[in-house]
Each structure stands twice: as C-alpha cells, then as structure tokens.
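I opened the model to look up some strand pairing and helix packing. My entries follow.

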Amino acid sequence: MAKMHYKIFLAVSLTILVSEAIFVMINYSSDKEALQTALAQKGQQSQKTFEVALSTTLDSMSQLATFVANSPDVQRLMNEAERATTENSSGNVMKPDDIRALLYEAVSPGWQKMTKEYQVRQLHFHLGPGSNSFLRIHKPDKFGDNMDNLRHLVVDVNRDGQPRQGFELGRVYAGLRGVVPVFSFSDPKKQVGALEVGTSFSTLIESLSSAIGYEVAIVIRKERVDEAVWKRPAESFTSNCGCFVEASSSDNLKAVLAALENKPVHHPTSEGRTTLLKTQSGPITLTEFALRDYIGIRDKHEPPLGRVMIWQPAEYALQGLYRDTWVNIVYAIVVFILIELALYFGMRLAMGKLEATIKSRTSDIRALNSKLEEMANKDVLTGVYSRRYLMERVQQELNRASRGQYPAVILMLDVDNFKQINDNWGHQTGDRVLTKLGSIMMEHARNYDVVGRYGGEEFAILIPGANAKTGYQVAEKLRLRAAEEIKIPSSPDRTITVSVGVASYRTGYRQEDWFAAADAALYAAKRAGKNRVIVSERDENASA
C-alpha cells in the first residue's frame with residue numbers, strides 16, 4: 001500500500017508541476033502579447049503624430065507661399081518677368097536682371113522673417129511652362145536653370161494653376177514644399193509663374209523628437225538620390241543599408257541601421273510596423289512606415305521613396321516583462337511547495353484526506369484562474385473593461401446585429417487637453433481624472449453596456465439596443481457630468497471636459513469600420529472646439 005501511495009504522490013506531484021509550468025508559460029505568453037500590443041499602439045500613435053506634423057508643416061509652407069504670391073508688387077514684377085522672357089515680347093519691357101533685383105528687394109524683408117520664425121530654407125520663383133528658375137531668394141545669384149525633372153510640383157502648378165504641396169528630392173536637400181500659382185496683378189486670371197516655399201526634414205524631426213520624446217530619422221533609397229543628381233549635405237551620412245540618411249534626431253541611428261542589417265529585408269508600407277530590436281546600445285522599439293514623395297503619390301510608384309523610422313529605448317518595458325515572469329515563476333514554485341507539503345502530510349494522515357485535499361486545491365486553482373481572468377478583463381486604473389475584452393464584446397455585438405438587424409451604438413470619449421493636465425499637475429492628477437471619469441461612465445452604464453479603455457485617455461462605450469439619438473443623449477449626459485464632477489484639488493476652478501464621438505452600427509460594418517466612424521466623429525468634436533458631442537457623419541446623413 002505504501003508503494004501505491006508513493007506512485008500516487010509522484011503522479012499527482014508531476015501533474016501539479018506541469019500545471020504550474022503551463023500557468024507560467026500562459027502568463028508569459030499573455031504578458032508578451034500585451035507588451036507587443038501596447039508597443040504597436042504606441043507606434044501607431046507616433047506615426048499619426050508624425051503625419052500630423054508633416055501635414056502641418058506643408059500647410060505652413062503653402063500658406064506662406066500664398067501670402068507672398070498675393071502681394072501686388074510680386075504680381076506686377078512676375079508679370080514683367082513673364083513678358084521679359086517671352087520670345088515675342090515687344091515694347092517697353094524691363095530687363096530680367098532689373099526685375100530680379102526689384103523682386104528680391106520686395107521679398108527680402110519677409111524672407112528674413114520666414115527663415116527665423118518658420119525655419120523656411122527656400123523661396124523660389126519659377127516661370128512656365130515647366131520649371132524655369134527665375135529667382136532664388138535664398139540664392140539670388142543662381143537662376144536660369146530648368147528643373148522639369150525634379151520640380152514636378154512646380155511643373156504641375158504651372159500647367160493647371162492649382163496649388164500643391166508635398167515632399168520632393170532636390171539638388172541640395174530633400175524639401176517639404178508648398179507651391180502656388182502667381183497671377184498677374186492687372187489680369188488676375190492670367191498665370192505668370194509659380195512660387196515655391198520649402199523647408200527641410202531636419203527642422204521637422206528635431207521639433208517632433210523633442211515633443212514626443214522619441215528619436216526620428218528619414219531614410220531614402222540611395223538609387224533615388226543618385227537619380228536626382230543630389231548634392232549631399234555635409235551633415236548627412238550614408239549606411240551599408242543601401243540607403244541615404246537625409247535627417248536624424250540621434251547619432252544612435254547608425255547602431256539601429258547596423259542591427260537591421262542582421263534582420264530579413266523589410267519593405268515598409270503606409271500601415272507601418274513596430275518591432276523590438278536589439279542594438280549595441282540596448283533594446284529599442286522601432287516603428288517604420290513608408291515615405292512617399294509627391295511624384296510617388298501622384299503616379300503610385302512602388303517601392304516607396306524611403307522610410308520614416310521612429311524609436312525609443314525598450315529596456316524598461318522588457319524589464320517589466322521579465323520581472324512579471326519571475327514573479328510568476330516564484331509564485332508557481334511557492335504554490336507547488338505548499339501543495340506538495342499538504343499532499344505529503346495528508347497522505348500520511350489518511351488516504352481519504354488526499355482526495356479532499358486535491359479537490360480543495362483544484363477549487364483554489366479554479367478560483368485563482370477566475371480571478372486572473374477578471375483581472376485580465378479589467379483596467380486596473382479606471383475600473384472599466386480592458387481593450388481586449390471591449391474588442392471581444394464589440395465583435396459579439398457585430399455578429400448579433402448583422403444576423404438580426406439589432407441596433408447598437410459606440411461612443412468614443414477622450415479627455416480634452418489631457419497632456420496639459422499631466423504636464424501642469426502631474427501624472428498622479430491625470431490618473432485621478434481618468435479614474436473619476438471611469439467611475440462616472442460605469443455609473444451610467446447598464447448591466448449589458450460595455451465601458452472599456454481604448455487607449456491612454458481615450459475610452460469607448462458599447463451600448464446594445466440603442467440608436468444614434470440615444471447614444472447622443474447618453475454622451476451628452478456623460479459630458480455634462482464630467483465637466484461638473486471632475487475637479488483638480490489644487491485648481492478647483494479648472495474645468496475638465498471630454499469630447500465624444502457617436503457612431504451607430506451600419507449594415508456591412510466591420511469592427512474597424514465601426515470604430516473608425518466613432519473615432520472620426522470624436523476628432524470632429526476635437527476640431528470643432530472640444531467639450532462637445534458629435535454624431536458620425538453617416539448617421540447624420542441617414543437621419544437627414
């Protein structure tokens with residue numbers, strides 16, 4: 001009988017040991033997947049931030065170009081320039097050199113201000129057709145060259161008179177350019193040329209890197225640089241990757257490129273990719289996405305001109321993963337030892353108690369797994385559901401709605417000016433704001449509503465059985481309560497507000513379509529001045 005007890009003991013011990021090992025592996029896999037998801041979300045956010053910064057820079061260049069091109073003096077002088085360079089011109093025509101001198105004198109004061117306040121590096125007047133340089137304010141002694149093979153923006157503007165903006169390679173540096181037509185002052189319908197205002201990526205990524213705390217680099221395929229007969233700036237450098245580094249906010253880029261040489265070749269797309277990468281200076285999270293120039297976008301060239309690389313150290317994130325894994329291992333060992341002791345003494349007392357002990361431990365493990373599952377489905381800070389659980393429930397609701405035509409609505413909420421709250425009062429105050437907002441949303445939610453944290457200060461609420469009108473009413477109540485009840489202790493007069501986007505389920509919606517509609521409504525609320533509720537444009541059109 002003792003031998004039989006020993007075999008049972010070994011069998012049970014082996015089973016428990018395997019269970020604890022599986023428990024550790026499952027937790028490690030779950031933590032690693034959560035880390036990858038979090039890094040990917042941060043990568044998407046950094047890509048979106050870059051794209052917004054790029055668009056803002058291009059808009060600034062176009063606005064400056066429009067301002068200069070609308071000057072009556074500029075319009076008169078460019079009209080004279082067009083007359084002076086026309087073969088069939090006759091009569092009292094000014095000499096081109098005299099026109100250039102007057103044009104430079106008229107624009108030079110504004111040029112000095114633009115270079116200082118807007119980091120403009122290029123102000124260039126072109127005559128059509130095509131791209132014939134008339135005057136470079138930044139290099140007034142260089143003019144007369146034709147750049148049809150490089151200045152596609154200028155060629156297109158001189159062709160149809162429509163303003164354009166974009167990124168182009170150049171003979172000296174890659175430029176972010178805004179190009180607008182210049183019309184005659186005496187005949188506003190007559191186009192007499194084009195004006196180009198540009199800046200470089202270096203200025204953009206320096207300010208962007210400082211703002212988001214990440215490193216940023218612009219890398220261009222070497223063969224495209226050679227095709228453009230580019231004169232490379234002294235501060236730029238090349239790499240063994242077969243690419244040309246146009247701009248970088250960090251000297252660590254060389255180590256990043258060296259680490260990528262040991263990886264399979266990856267061709268970036270517009271969707272972007274975020275990966276963990278080991279470099280000589282330590283692990284980093286690297287986000288890469290395609291960089292396309294104006295002609296590449298216009299003519300849909302593949303592969304893209306180059307790539308944008310955004311990275312930051314990942315050592316802290318990995319340390320958290322390893323720390324959690326070791327905690328799970330120690331926890332599993334402790335639990336295993338305790339169970340073994342219980343089994344050993346239980347078997348010595350009576351074989352009958354062994355079964356009771358096993359049942360008790362099994363119940364404990366089930367309760368623990370249940371608790372872990374509940375913890376996995378909840379956001380620790382705010383008390384609302386996690387993003388993963390939210391996505392599962394939204395998919396379930398999509399399946400139900402598509403089968404039975406049941407109405408449902410999603411609200412997307414975002415705390416207005418949340419970064420200012422963290423910057424001015426600290427992250428603990430920001431956490432309290434999110435916690436209070438989570439409490440308010442949970443109080444408003446019905447038993448079958450799902451309140452989830454979508455990411456950062458952004459939340460989503462799934463309301464089954466509701467239409468856009470009901471969703472708007474719920475969102476408006478939440479908005480008013482947030483403004484009334486969420487306060488900052490040290491600044492009670494400071495009002496904390498939220499913006500909300502509302503989108504109801506539409507036939508054929510996929511999960512990403514539904515969230516995109518709600519997210520678009522949320523950003524419309526942001527653009528409209530914040531602290532408001534906006535219903536999805538599709539819902540507005542349907543109700544109309």
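Is strand S4 mostly covered or mostly uncovered? I found it mostly covered, with eight of its nine residues buried. Buried here means under 20% relative accessible area, exposed means over 50%, and partly exposed lies in between (1.4 Å probe, protein chains only).

Note on the source: this is a predicted model, in which local features need pLDDT of at least 70 and side-chain atom pairs count only at pLDDT 80 or more, while totals for chains, interfaces and linings use all residues. Residues are numbered from 1 along each chain as its sequence is written, and side-chain values use heavy atoms, with hydrogens and water left out.

Entry on the strands. I took helices (H or I, at least four residues) and strands (E, at least two) as DSSP runs, numbered from the N terminus. Strands pair if DSSP finds at least two bridges between them. S4 covers residues 175-183 and runs antiparallel to S3, with five bridges joining the two. I looked up two partners in S4: Arg177 is the bridge partner of Gly166, and Val179 is that of Arg164. S4 also pairs with S5 (residues 191-200), in the antiparallel sense, over nine bridges. There Val179 has Glu196 of S5 as its bridge partner. S3 (residues 164-168) has four of its five residues buried, so it is largely enclosed by the rest of the structure.

Entry on H2 and H3. I checked how H2 (residues 72-84) packs on H3 (residues 96-117): their axes come within 10 Å and cross at roughly 165°. Axes are lines fitted to C-alpha atoms, for helices over the stretch in contact, and angles run from 0 to 180 degrees between N-to-C directions. H2 and H3 are therefore roughly antiparallel to each other. The classes are roughly parallel under 35 degrees, roughly antiparallel over 145, roughly perpendicular from 65 to 115, and oblique for the rest. I listed the contact (heavy atoms within 4.5 Å): Asp73, Val74, Leu77, Met78, Glu80, Ala81 and Ala84 of H2 meet Pro96, Ile99, Leu102, Leu103, Ala106 and Val107 of H3. The contact residues divide into 11 nonpolar, no polar and two charged. Nonpolar covers Ala, Val, Leu, Ile, Met, Phe, Trp, Tyr, Cys and Pro; charged covers Asp, Glu, Lys and Arg; the others, Gly among them, are polar.

Entry on H13 and H14. H13 (residues 427-444) packs on H14 (residues 468-485) at about 140°, with axes 10 Å apart. That angle makes H13 oblique to H14.
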